[in-house]
Amino acid sequence: KEFWLLAGSFFICGLSTSGLIGTHFISYCISFGIPLVVAASMLSFMGVFDLIGTTLSGWLSDRFDNRWLLFWYYILRGASLVMLPFALASGSYVWLVVFSIFYGLDWIATVPPTIGLTREAFGIEKSAMMYGWIVAAHQVGAGVAAFSGGVIYNIFSSYTWAFVLAGG
């Protein structure tokens, strides 16, 4: 049970980060008239805040219940993905910067508590192998989002539904 819960949550992690943001974010921004360099800069800006968020998450995961941390991280990530279309539609770079900061803080924040829960569930000796399989689910989620985001774009001529569905 623990494996499938962790693998399922990491599937969603891969879907909403590498697969969706990493693959489709820049194109989505361009479809709202945001220049390529600005969109790519926002993605890089997310990376800066990713370092801060992941470091903070490691500190928090040593002090708080990792299940609750993951709960809040995924809720906040989903909320930010749902808000992205509104931020882009506003035409204001301010909201895009706010999204980039907020999403960046959460990008890899799920890793430390997931590792902690994996160690707790499977023990030190088996945790590396089990975490490897959990990461495989992350990659499958990324592949699903990369592909399905493109399919959604082909059907609706917009990425909006891909981001809203991933946020949900």
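The model is predicted, so local features need pLDDT of at least 70 and side-chain atom pairs count only at pLDDT 80 or more, while totals for chains, interfaces and linings use all residues. Residues are numbered from 1 along each chain as its sequence is written, and side-chain values use heavy atoms, with hydrogens and water left out.

Two salt bridges were found in a search of the whole structure. A salt bridge is a side-chain nitrogen of Lys or Arg within 4 Å of a carboxyl oxygen of Asp or Glu. One joins arginine 67 to aspartate 65, with an N to O distance of 2.7 Å. Arginine 67 counts as exposed, at 54% relative accessibility. Aspartate 65 is partly exposed, at 29%. Here buried means under 20% relative accessible area, exposed over 50%, and partly exposed in between (1.4 Å probe, protein chains only).

The side chains of arginine 77 and aspartate 106 form a salt bridge at 3.5 Å, N to O. Arginine 77 lies in helix H4 (residues 66-89) and aspartate 106 in helix H5 (residues 93-106), so the pair ties together parts 29 residues apart in sequence. Both arginine 77 and aspartate 106 are buried. Helices (H or I, at least four residues) are DSSP runs, numbered from the N terminus.

The largest nonpolar core has 23 residues. Such a core is a set of buried Ala, Val, Leu, Ile, Met, Phe, Trp, Tyr and Cys residues joined through side-chain atoms within 4.5 Å. Helices H2 (21-31), H3 (36-61), H4, H5, H6 (111-156) and H7 (160-167) each give two or more residues to this core. H2 gives the most, with four. Leucine 84 is in contact (heavy atoms within 4.5 Å) with Phe25, Tyr28, Leu96, Phe99 and Phe163, leaving aside neighbours within four places in sequence. Another core, of 12 residues, lies apart from the largest one and includes Phe10 and Leu70.

The largest pocket has a volume of about 410 Å³. On a 1 Å grid over the protein atoms alone, a pocket is an open set of points where a 1.4 Å probe fits, with protein on both sides within 12 Å along at least five of seven lines; lining residues have an atom within 4 Å of a point. Grid points are joined across faces, edges and corners, and the volume is the space filled by probe spheres set on the points. Of its 20 lining residues, the closest to the centre are Leu5, Gly8, Ser9, Leu70 and Tyr74.
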